[in-house]
Amino acid sequence: MSSPSTTSPASDRLALLAELEKKILWLAAWTIHNANHLRDNAEGIKVGGHQASSASLATIMTALYLDVLRPQDRVAVKPHASPIFHAIQYLLGRQTREKLENFRGYKGAQSYPSRTKDIDGVDFSTGSVGLGVAQTLFSSLVQDYVRAKGWSGEHPEGRMIALVGDAEMDEGNIFEALLEGWKHGLRNTWWIVDYNRQSLDAVVREGLWQRFEAIFQNFGWDVVVLKYGVLLEAAFQEPGGERLRDWIDNCPNQLYSALCFQGGAAWRKRLLDEIGDQGEVTKLVEARSDEELAKLMTNLAGHDLPTLLDAFAKAGQHDRPTCFIAYTIKGFGLPLAGHKDNHAGLMNPTQMDAFRTAMNVRPGHEWENFEGLSAKPDRLQAFLDAVPFNKREKAAVSPHIDVPAVLPTPGVAGKELSTQAGFGQILNEISREDSDFANRIVTTSPDVTVSTNLGPWVNRRGLFALESMADTFKSERIPSTFNWEFSPSGQHLELGIAEMNLFLMLSALGLSHSINGERLLPIGTLYDPFIYRGADALNYACYQDARFILVATPSGITLAPEGGAHQSIGTPLIGMAQDGLAAFEPAFVDELATILRFGFDYIQRNGEGDPDERTWLRDQTGGSIYLRLSTRPLEQPARTIDDELSRAIVDGAYWLRKPGPNAEVVIAYTGAVAPEAIEATGLLAEDRRDIGLLAITSADRLNAGWTAAGRARERGLVHAQSHVERLFADLPHHCSLVTVLDGHPATLGWLGSVGGHRTRSLGVEHFGQTGTIADLYRHHGIDAQAIVRAALALAPERPVRYLREASGPGV
Ligand SMILES: Cc1ncc(C[n+]2csc(CCOP(=O)(O)OP(=O)(O)O)c2C)c(N)n1
Ligand SMILES: [Mg+2]
């Protein structure tokens with residue numbers, strides 16, 4: 001156990017810690033009560049309580065933050081323990097009274113700990129249960145990765161700790177992560193299960209802890225069951241104590257919870273009814289007042305500082321992953337304790353008054369750090385000042401990694417190539433370089449490394465593992481395209497098929513600059529439709545402001561013969577709607593290289609949120625990148641991408657054929673349907689005047705800029721104009737738009753509203769068909785003929801001579 005430098009004896013320290021635990025419980029309950037009180041008065045809205053849920057972790061968190069944690073340790077706090085977390089940070093001088101008074105309010109302390117919205121040093125955001133837990137595991141793997149590269153300098157190794165609700169353990173992603181941790185030799189990870197035997201709705205199943213124990217042991221973890229505190233252990237040594245222990249061990253969870261709620265008299269009655277013997281047991285019970293009996297019976301290890309400190313100190317002597325199953329009581333120390341309906345529970349004013357009296361807090365002194373405590377304020381303050389965790393400093397900003405001015409694509413022009421193949425080639429080119437840029441790239445993929453074209457990169461850069469492992473096929477001289485060698489210098493993290501793990505790994509890699517002080521340039525690949533499988537973890541990664549490049553390929557119906565199970569329709573809309581993620585869908589490899597280059601820089605940015613005056617995008621803040629790629633080979637243009645074109649590609653669109661002043665039709669396309677859009681433009685050009693062809697590389701960025709510019713104008717910046725508005729500025733009013741992509745038509749449907757142009761949006765709305773690309777494009781109406789038909793319907797004045805009769809079933 002690491003101890004602050006005060007020389008007080010252990011019992012003195014314990015007494016101070018116990019006092020501070022009381023204060024933390026009070027501050028958390030008061031924060032919630034106070035916020036609720038405000039809402040009731042001001043707006044009549046009740047806010048959720050969660051006083052009980054947070055109270056069950058009060059002792060464990062006191063032990064951790066005020067004693068066990070070192071500055072380099074990182075913690076994911078169970079969402080509803082947020083008030084306890086904020087209360088501790090407040091005591092440590094890291095949280096303001098103003099934010100606490102505004103708990104759950106506008107710009108106040110957050111209901112669930114938030115890296116991005118809270119000011120008090122949240123390590124990992126939580127809220128969607130299960131994700132923060134797994135995040136600690138992946139962060140530990142990333143710490144090992146960074147250290148294996150020798151980048152950690154003098155930074156001491158940290159421990160990654162999750163405070164886990166027992167019902168939270170129902171989330172499957174936790175078990176997916178366990179498996180991955182086992183494969184990668186997980187170290188330095190503690191998961192502390194708050195075993196209060198209650199979920200949101202109810203009391204959990206009997207004997208759950210034994211299942212947990214077996215699972216964790218199977219995956220190579222140490223398991224420490226923390227059941228009884230020192231008072232109970234001492235009572236078990238008294239005559240009759242063994243029978244008391246047996247009774248507790250056999251007591252159903254529901255009954256234990258109910259008795260905790262009812263208190264001392266109920267404990268006495270029940271114990272005497274069930275094991276009262278007019279002898280030793282009766283004496284053991286009768287020797288205690290109601291209050292003492294309640295204190296004894298609720299003295300579970302999760303509320304017993306000496307037991308907790310001892311267990312943490314022992315586990316602190318090794319780096320094996322450890323799961324603590326700590327028995328607790330939901331609502332411990334509050335009148336809500338144990339009641340099965342207490343999840344969102346909130347003490348009523350009478351209960352709160354009683355609690356205030358019990359805590360010796362005078363009205364008007366609720367926020368004072370040491371109000372009502374018996375130890376002297378200067379001793380308490382000296383204790384807090386010496387807390388090891390409080391030596392933590394703000395992480396230094398890790399330096400920007402220079403990105404080459406251009407990512408070369410040699411020999412691509414004129415070839416038939418897909419964006420997916422182009423991606424493989426670009427990374428292959430980078431892999432030849434020995435530069436800081438190339439060395440900081442780290443790739444990862446859930447068992448689709450080869451099929452997403454990361455193979456050449458991995459061949460050159462190798463797979464990462466703490467211990468080297470040769471490729472047996474290579475050593476046996478069996479020819480193989482892929483060199484599958486593991487070593488600490490490898491730069492690819494191979495994952496099993498679980499996509500949740502991919503996103504959590506990206507989240508951990510993408511926070512390395514903040515957690516480890518060492519920046520990585522993470523790239524993750526997966527099949528586009530399986531974004532849905534990990535969408536919550538993707539959202540979580542973005543919410544935490546992790547920085548990565550997601551390469552999703554193949555996408556759409558363009559992988560035609562593979563059929564409906566692998567087709568993605570709605571992902572472009574995810575790309576547009578996901579905050580923190582800039583989505584791109586290039587058609588050509590030179591566009592992809594331009595976007596990737598931008599992406600490597602963009603994921604490192606951390607500037608102010610002021611919009612760019614050209615695009616109205618908040619590009620200085622940076623974010624993550626999503627590239628929706630395709631396996632469809634397209635003939636690659638032979639052209640030079642000058643600065644202007646490069647900028648337009650990044651901004652989201654450029655004219656492949658600029659419309660003339662009397663344009664009747666504009667075709668706007670995204671991605672792999674470029675040949676159809678180009679062909680349709682050719683077919684229409686002879687019979688429609690001044691036709692334009694717009695290549696859209698990012699519907700997301702075009703849309704975001706347009707929305708932001710509109711908002712700016714409404715606020716008085718009358719000249720604000722976004723990229724898409726500038727592109728459409730000269731289009732005559734009567735011009736019609738046809739939009740088309742291999743994805744949901746709503747992705748581009750909004751384009752007509754930019755300048756008030758009549759619009760028909762083509763795309764894919766149904767999945768399930770197999771066939772050739774030609775079959776499926778015809779079937780879904782995104783082939784050249786369908787584009788021509790749509791244009792004709794919008795601008796019907798004259799027939800188009802190249803239009804054929806519609807054929808095939810259509811949809
Ligand atoms: C993914 C997800 N589903 C549902 C919820 C709603 N929810 C919040 S806490 C909770 C139950 C938590 O029980 P437990 O983990 O045992 O914590 P306790 O309340 O006992 O402290 C649920 C269902 C959520 N936050 N996240
Ligand atoms: Mg619980």
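Guide: Let me begin with two residues in the interior, since aspartate 166 and asparagine 196 are both buried, and please keep in mind that this is a predicted model.

Visitor: Okay, and which residues coordinate the magnesium ion (ligand 2)?
Guide: The magnesium ion (ligand 2) is coordinated by Asp166 through OD, by Asn196 through OD1 and by Gln198 through O, at 1.9 to 2.2 Å. Along the chain, these donors follow the spacing D-x29-N-x1-Q. Aspartate 166 sits in the loop between strand E2 (160-165) and helix H7 (172-183), while asparagine 196 sits in the loop between strand E3 (189-195) and helix H8 (208-218), so the pair ties together parts that lie 30 residues apart in sequence.

Visitor: Switching topic: is tryptophan 151 buried or exposed?
Guide: Tryptophan 151 has a relative accessibility of 18%, and because buried means under 20%, tryptophan 151 counts as buried. Its place is in the loop between H6 and E2.

Visitor: And how far is its C-alpha from that of glutamate 518?
Guide: The C-alpha atoms of tryptophan 151 and glutamate 518 are separated by 7.0 Å, although the two residues are 367 residues apart along the chain.

Visitor: What about the surface, where is there a patch of positive charge?
Guide: Such a patch is formed where Lys107, Lys117, Arg618, Arg711 and Arg715 gather on the surface.

Visitor: Where does lysine 117 sit?
Guide: Lysine 117 is found in the loop between helix H5 (97-101) and helix H6 (131-148), and with a relative accessible area of 53%, lysine 117 is exposed.

Definitions and conventions. Residues numbered from 1 in each chain as written. Chains lettered and ligands numbered in written order. Predicted model: local features only at pLDDT ≥ 70, side-chain atom pairs only at ≥ 80, totals over all residues. Heavy atoms only, no water. Patch = residues over 30% accessible without salt bridge, like charges linked within 9 Å, V, L, I, M, F, W, Y side chains within 5 Å. Areas by Shrake-Rupley, 256 points an atom, 1.4 Å probe, with all protein chains shown as cover. Salt bridge = Lys/Arg side-chain N within 4 Å of Asp/Glu carboxyl O. Lys, Arg positive; Asp, Glu negative; His and termini not counted. Charge placed at Lys NZ, Arg CZ, Asp CG, Glu CD. Helix = DSSP H or I, 4+ residues; strand = E, 2+ residues; numbered from the N terminus. Buried < 20%, exposed > 50% of the residue type's maximum accessible area, 1.4 Å probe, protein only. Donors = N, O, S within 2.8 Å, 3.2 Å for Na, K, Ca; no water.
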